[in-house]
Each structure stands twice: as C-alpha cells, then as structure tokens.
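Please open the model in your viewer and colour it by chain, so that each stop of this tour can be selected in turn.

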Amino acid sequence: MSEIKLIFTGPPGAGKTTAIGAISEIPPVSTDVDATDELLSSKDHTTAAMDFGEVTLDDGTKLRLYGTPGQRRFAHMWQILVQGGLGLIILLDNSRPAPLDDLEIYLDNFADFIERTGVVIAVTRADHPDGPPIEDFQDYLEQRGLVYPVLTADIRRETDVLMLLNVLLSNLEFA
Amino acid sequence: MPETLTLPDDFRRVCEETLTRVMERTQGAYGAVLATIDGHAVLSVTHRDLPSDRIAAMTSSLLALGETIAREAQQRQCKFVIVENSDGYVVTLRITAKLTLSTFSGNEANLGMLLSASRNAAESIGKAIPQRTHPK
Amino acid sequence: MRPGRQTRMITDAPDTTLTIAFLGLPARDRQLFESFLGILEGRVNLHPRICKPGEPVDVLVVDADVLATGTPQRLPPARTLVCYGDGPSPGGVECVTLARPVRFWDLQTLLASLSGTQEQGSKPVAKPDTRPGRLYDLLSDRDRSAALTIDFREFTLMTDPGRNRYYFPTRLVDLEPICRAPASELQIRPATAAGLGNAARTLQSGPLVRLWWEAAISGSQGKLPAPVTIETPVSLRRWPDLGVLRFRDHYPLLCAQIARRPVSPAAISQRTNVAISDVAAFLSACMFCGYLNIEDARAAHARDGAGRKPADKGLFSRIRRRLGLGSTAAN
C-alpha cells in the first residue's frame, strides 16, 4: 500500500475539519478560503481543496487523514483524494435542510470507492428538531439494500471520532 | 450563480473588455474565467467550449493548495499558479482577497506574455472594483 | 381520576385519594407539581389530584416565603401542611418540608407516606410477581408499539413509540439495574396520553432503542433469540446506532461479521473469539430491535466467503493500538 489514508467527507459545516483535528497529532492543515455564498450565514470559510492531518503508527508508518471539500462543485477533489484510500467517513449535519439528500449525494459519488473499501456514516446534531430521526437514515439505507453503519455522533468529542474509526476499522477488517 | 455575485453593469463591462483584450493581444489565448476565491464562476470569455463552472471550482482548489504549500514552506501569499501542459498553459492568479482570474492558452503562446497580460488584466479589474461590488 | 382503571386490577390494596392545594407557589413550580401529579395519577394505590374549590384539602403545599412572612393561622385548613422550599422554620406550624425545585421521587415518597398505604420511599404496593425472567421477558410478551409505563422500585419509566423516545428519572440514567432486575420487581402497564405528555415535559428522555437494546443485552442471559440456533445463519438488516447504545468493544466487530453475509452464531464466536453468551446477547438485542435477518442455511452457505479481499490484519492492529481503540479479540 503506497499510502495509508482515511477520507472524511460530507456537506459544508458537518465537522470534517473538526474531526480530523480531534485525532491528528499535527495541527490540521486546511485549505480554507473565504466563503462568498450561502455559507456566509454559518461559516466565514470553506475548504476548497482538502484538510489534512496525520497519525504516526508504532512502526513509523503515517496514517493520513484527508477531509474533502464539502460543496459538490469541488467533486473533482473527491475523486483525487480517495485514490488509494483505506476507507471513508461520511459526516452528515442533521440541521441542514435535507440531510437524506446529502447522504444520497455522497453515497452516489463515492459508490465505487465504498464498494472497494468501506464506509461509516455519522449523523451530527442528530437531535435537531427539524432533522429526520436516525431511523430515517436506517430506512433509507435498507431501501437501497445497503447495510452500512450509521451512527449519531458529536464529532467535537474525541471519543466519538474514535468510535467512528473503530466501527470503520472493524468493517474494513471483518466485513 | 449565487445572487451575491451579480455584477453592476459598469463593472461587468470593464471585466468583459479586459478579458477580451487579453484574448486579443495574447497569441494562442483561448479563454479567461473570472471566479470567486471559493470557486464560483463570475464571468468568462472563451473561444472554446470550456466548462467555466468546473474550472472555477478547480482553480479555487489550486490556489488554496498553493496558499497552503506556501505556508508549509514558510512563505506567504500565493499570487499565481501556472500549470504547464504538453499543449498549453493555464495561469491562475489572485486579483483580490475574493476574486481570481484564470487564463488558458495553447503552447504557441509565450508563457511570459500570457502571464504579463493576465497580471495586467487582474490589476485593471482590481482597480475597477466598485466599493461593495464584489462579494461581501 | 377514572375509576376501574386497569391498574386497580393488579392490586389488592385499597386506593387512597389525596386532594392537594397550593398556596403562593410561582407558576413554574406549580406547573411542575401538576406534571408530576399527572404521572403519579396512574400509579397503584396512590391517587393524588388537585383539590376542587370547596373540597376538603388533604395536602396544602405552601411556598416557604409565604409561611415565613405570612400569618400561618390564616392558612386554609388541611390535613397536612407542606412547606415548599428552604426558609426560616415557621413558628408554631407543624409541617413537612419539600426541597425546591420539587423532584419527582421526593414528591412520590412524600405522598406515599401520607397515603399510609405503603412504606416511605418504596414502590407502590403490587401483587408479588412470580414470573421468571427480567424486563426483556416481560417486554417480549407485550405489544411494544403501544406506549407503556414500567414501574421499578421507586422509579417510573415510560415508552413513547410514537416519538421513538423513552422517559426516565435522572437517577435511572443507567439502565442496567432495571434491565437486570427480576420480573417480580417490575410492573408494566399501558401509558396514558396525559401521562406521556407530562413525562415528556418533566422527565429526561432518550432514544427508545437504547432501552430495548439494553433490556435484551441484560435479559437474554446467554440464550439465542428464538428461532435462531447455534447453526442458524443470520445477517444484519441494518446497523444498530452504536452512538446511542451503551457501547461495548465487541459490537462493531460482531456487526461487521454479519453485515455483508450471513454467519451462524457458532461461526461468529469462533471467528471473533467473543464468548457465545455475548454473541447471543448481541443477537438477541439485534432481533429485539428489528435489525436481524434469519437466513436460509443453504443460500447462506453459497454466499459465505463472498466478502472483500483479505485485509492487512497487521495494519489494522497497528492503527487500533495507536488510536487506543483496544485490540479486538480476534487480533
């Protein structure tokens, strides 16, 4: 394996940068640019190329953590970043207008990669009053015949990020 | 295109004239795309069918990476990125904190000329930006 | 108070009605009392209700400030006076004190002691239940799509399938005691809409699947869920939301085993080194929550081994070690 890397993806504001920052041993490298569009209400900056973090394994191997840009117009980066990746973490923000549509976008765009590797889906801000319950995400996956792990998580907490990785690794290793 | 990117008529005219001038005066140039720093196409003048929306997003990624590489190399402020290909060039440069310009040419172009024309165009557009015209 | 409720049928003890009135309480506190009383309304042997005008008052709850500054002799007559909140001891007035803000179990304990039908702080008296098993067994016999009230010692839990929530008092945040308790300590009965509404306003809530899951984990006692046998291939229909369950290290491992293809409990245990009793508890919970498929043995055999190419086990172990995720039993 030329490079060991995990990829975090999901819509803008779902917490990809935060999740990488929670476990990276170096300060996360971000390619933030000023946001000029609808994001302005919630975020001043948005990731245009990637976020990057790193964890050194005990044999010196580097586990690289990449975050993709959120907006669909940066889909060119999605395909570049997943090359040679070990697995995918999709972060969804349940306070966005249509989180299930978001899920569909990322599942479809990363379908080949997920099929070759593995995925874990995390729903953040799961208790948001306007967001669908977690059962709706499970129903959606079941309707598509997909048995993927979908979990509620608060990615500001390191333990939750580690739980996602735990699930992903189990899935990669034993599924 | 988001509403915030609607340009006042006067400014739009200046941009169109400036981009057209780059194309006319630079041998081999076949396209110029004005975009926001976060990847929205604002305006384009091209002689070929270029996907300006996709290009705008990609050049945004490119400049963001340039900026990040500069920081890692303990340098500051990425001003432009040149992509040299077997049959042409792409020059992407920053006009202001929020606007970028990308120009495209075949390999018959002189890279120095293309870069110079692009920088002059960027300067002209930068000067013409009215207060509060460009995205907040 | 509706006579002839189902709850009366499960007890031989006499009912006691307590009429309650309030004096000088801030609106918010009064609302809190009324909500708690709404929940207590459904409990056996204890029927507190707000006093109607002109009716004799059994319990008068008076704000401590009123008692301290007012003239106690002018208080309306009541069998018991309850001083609500901390304040200077009202001279010459015999009263019981209740801490502010009122807590559910404090109120229940107080009313239970006043009703004289039970020991202070204990669960309302019910016929001893000699059924074997635990909450899991009791729930297995019930229609869980209906809202339920579960009494356990001094606690009351309510399930609200419509909202996919359960409501619980703070002190029962750990579900293990109730899920491990013998059936004799539990009473399950239908919940009323009013009771649910009150519970939603006044108690804490959590995702209902957490209760179902924990009940099965703690209650299956090493038995596989019927009709699954040690050789029956099973697969996941959907992953449990491990973010809301009480997480145990082997869950992701077991889920992964059966996410892509059916595997028998015996094979799961063998491949993962997870004890068969833990595999059984896990499968019981999956079944109880509707996450499990039971497969045809022959079809399963044909599909077995159709997973991804073998992964680099050493790499995963190294990543786990570095992130402190603990090695899986199979590593």
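Select chain A and chain C together: their contact (heavy atoms within 4.5 Å) takes 40 residues from chain A and 35 residues from chain C. This is a predicted model, in which local features need pLDDT of at least 70 and side-chain atom pairs count only at pLDDT 80 or more, while totals for chains, interfaces and linings use all residues. Residues are numbered from 1 along each chain as its sequence is written, chains are lettered from A and ligands numbered from 1 in the order in which they are written, and side-chain values use heavy atoms, with hydrogens and water left out.

Between the two chains about 3,600 Å² is buried, 56% of it from carbon and sulfur atoms; buried area is the accessible area (1.4 Å probe) that two parts lose on being put together, summed over both. Next select A:Val147, A:Glu173 and A:Phe174, which supply 20% of the area that chain A buries against chain C, more than any other three residues.

Now show the side chains of A:Glu142 and C:Arg237, which meet in a salt bridge at 2.3 Å, N to O. It is one of 8 salt bridges between chain A and chain C, each being a side-chain nitrogen of Lys or Arg within 4 Å of a carboxyl oxygen of Asp or Glu. On the side of chain A that touches chain C, the largest share, 11 residues, comes from α6(A), where helices are DSSP runs (H or I, at least four residues) and strands are E runs of at least two, numbered from the N terminus.
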